[in-house]
Amino acid sequence: MLFSGGVDSTLILAVATSVAREYALPLPIPFTRRFPALPETDESALQELVISRLGLDDWYRIDYATELDLIGDEAQRLLCVEGVLFPAPLYAWAPPLRFARGGSVVTGEGGDELFGPRRGGAAAYAARTLLRQPRRAPRVASYLWRELTPRVLRRQRIRSELNEATFPWLTPTASAAVIDRLVFESADEPLNRHRAIDRLFARGAIRVGMHNYEWLSAVHDVQLVQPLFDSRMVASVVAHAPRRAQVGRSRLIGAMLPGIVPDEVLYRTTKATFNRAYFTAVSRDFAASWDGSGMDESIVNVDALRTEWLSHTPSVMTFSLLQWAWLHARGVGAHG
């Protein structure tokens, strides 16, 4: 069981532990990656709280420094054979898969998509608030209009919130194309929560990512289980969401499975970030010495991309480009 200490992985670990005890099955074994040099990744206090509350004795923890870098040894095992894969840190799954060879790995992936705020929920919440609390009418009415305004106006509003600076490593033409796609995907989200989630799960990036996770698991003789992508879980969330449409992930999970996730985790106000766990000094050194070759300059602004890579927290959206550039520098080619 991949366990970070966040809400989603805690939810799945807690349910798996409960089910295992109820049916006298082997207890799940949490697998946790830690990065002691990066305080923004530290969730050790919450992790230890959860493990203690669940009464689990077996807990596999491993500390990393640069081993999981985007072009480190672990990554190279895949890059030099398979080329650039999506998502870029796919290789980071290999250590727990090797640990679980011949068995199963359960994850909490999909929580952001499943429990995240939806346009229909926001509109329903605003409408109910408008009816029940007339004093809040001016602010809530404008919010309701924001969600229910005609599609063409929603697109204009979303486009006004984005600009070329959103993707500085792309050329203006490429950036405009990306913004166009984002505008249409955001503005056209259905009001119906079930349809909205189904549409989200059908996106190419999610389908490709899930396929690659399953492929890598099969290579390691591991059965991959991702409950939050299961259609039955989607149906359960939708069944609870209409009456609690805009209460957020924490209260929704608390309503569906009361007491299963400790309140300290469920109502936390912080969130760990792992960008620098994958973009370590190894990637930074490569970026600093990179000559700019390997990129299609009709799409990529080479100087801006290098600047992004050398920033304090490079965008995860540039990770695949770094792997592409590294393979090109080695003369391997981005496709192996």
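## Basis

In this predicted model, local features need pLDDT of at least 70 and side-chain atom pairs count only at pLDDT 80 or more, while totals for chains, interfaces and linings use all residues. Residues are numbered from 1 along each chain as its sequence is written, and side-chain values use heavy atoms, with hydrogens and water left out.

Helix H2 spans residues 44-54. Helices (H or I, at least four residues) and strands (E, at least two) are DSSP runs, numbered from the N terminus. The buried residues of H2 are Leu46, Gln47, Val50, Ile51 and Leu54. Buried means under 20% relative accessible area, exposed over 50%, and partly exposed in between (1.4 Å probe, protein chains only). An α-helix has 3.6 residues a turn, so residues three or four places apart point the same way.

Ala45 and Ser52 are exposed on the other side of H2. The buried residues pack against H1, strand E1 (31-34) and helix H14 (263-266). Just after H2, Gly55 has a positive phi of about 70°.

Helix H10 (residues 193-201) buries Arg193, Ala196, Ile197, Leu200 and Phe201. Their arc is only 130° around the axis, which puts them on the same side of H10.

## Leu228

Leu228 lies in the loop between strand E4 (223-225) and helix H12 (231-240). Leu228 counts as buried because its relative accessibility is 0%. Beyond neighbours within four places in sequence, its contacts (heavy atoms within 4.5 Å) include Asp8, Leu11, Ile12, Phe201 and Met233. Leu228 and Thr107 are 121 residues apart in sequence, yet 8.4 Å apart in space, C-alpha to C-alpha.

Ser9 is in helix H1. At 7% relative accessibility, Ser9 is buried. A polar atom of the Ser9 side chain lies 3.3 Å from the backbone nitrogen of Gly5. The backbone oxygen of Gly6 is 3.5 Å from a polar atom of that side chain. Leaving out residues up to four places away in sequence, Ser9 touches Met1, Leu2, Phe3, Ser4 and Gly108.

Val19 also lies in H1 (residues 7-22). Val19 is partly exposed, at 35% relative accessible area.

How values were computed
Contact = heavy atoms within 4.5 Å. Polar contact = N/O pair within 3.5 Å; in protein donor to acceptor, adjacent residues only side chain to side chain. Arc of directions from axis to C-beta.
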